Amino acid sequence: AYRLGMMYANVDYAKKNEQEAIKWLHKAALRNHPQAQLHIGHMFANGKGAKRDMVTAYAWYKIAAAFGNSKAEELIKSRRNSLNQDQIVKADALTNEILNWIRRNLRSLTRLGDRAACFRLGEMHHFGAGVKRDLPIAFAWYAITSGRAYKDASKNISVILNEMTSE
């Protein structure tokens, strides 16, 4: 979904179609793809494929940042001052709503044997995104995917083991 969304967003690959781009990037973002989440934020911030909406853009930046996307973290810092307190409260509520939806959706997909969903749930617990940070649970989700075309899972297991032993 992410690649298809980027194809529609980028005129070099296909006829540019921002509505199709946002549709496919949104699907990837809801499957917890941090780059898609960042791009959705950009599209809302710039009114590309959707009505310009800085509250929604800010929420998607926060979601991407929750998973360690440093560009999203920078955008949150730079854009926070352009929002009033009411908008920040709305963005925070939307962020939590989306993260809860992502978590529920990923749990459903894990029941169907979707290993990518297992990896993404591991990330949610590892980074404390939408759930309480819980390294043992993150470890368990990563272990399910480790060695099965998810090299990042093995790397993240090592990171968690180091974090757990240093605490």
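This is a predicted model: local features need pLDDT of at least 70, side-chain atom pairs count only at pLDDT 80 or more; totals for chains, interfaces and linings use all residues.

Me: Okay, how do α8 and α9 run relative to each other?

Reply: Start with the angle between the axes: over 145 degrees counts as roughly antiparallel. Here the axes of α8 (residues 135-145) and α9 (residues 151-166) cross at roughly 155 degrees and come within 9 Å, so the two helices are roughly antiparallel. The crossing of α8 past α9 is left-handed.

Me: Which residues make the contact?

Reply: From α8, you have L135, P136, A138, F139, Y142, A143 and T145, and they meet A153, N156, I157, I160, L161, E163 and M164 of α9. By class, that contact splits into 11 nonpolar residues, two polar and one charged.

Me: Now the salt bridges. How many does the structure hold?

Reply: Six. For each one, check where the partners sit in the chain. K62 and D92 pair at 2.4 Å, N to O, and they link distant parts of the chain: K62 is in α4 and D92 in α6, 30 residues apart. By contrast, R120 and E123 pair at 2.9 Å inside α7, three residues apart, about one turn of the helix.

Me: And are those side chains buried or exposed?

Reply: Under 20% relative accessible area means buried, and over 50% exposed. R120 and E123 are both buried. K62, at 24%, therefore counts as partly exposed, and so does D92 at 26%.

Notes: Residues are numbered from 1 along each chain as its sequence is written. Side-chain values use heavy atoms; hydrogens and water are left out. Axes are lines fitted to C-alpha atoms, for helices over the stretch in contact, and angles run from 0 to 180 degrees between N-to-C directions. Helices (H or I, at least four residues) and strands (E, at least two) are DSSP runs, numbered from the N terminus. Angles under 35 degrees count as roughly parallel, over 145 as roughly antiparallel, 65 to 115 as roughly perpendicular and the rest as oblique. A crossing is left-handed if the near helix is turned anticlockwise from the far one by less than a right angle, and right-handed if clockwise. Contact means heavy atoms within 4.5 Å. Ala, Val, Leu, Ile, Met, Phe, Trp, Tyr, Cys and Pro count as nonpolar, Asp, Glu, Lys and Arg as charged, and the others, Gly among them, as polar. A salt bridge is a side-chain nitrogen of Lys or Arg within 4 Å of a carboxyl oxygen of Asp or Glu. Buried means under 20% relative accessible area, exposed over 50%, partly exposed in between (1.4 Å probe, protein chains only).
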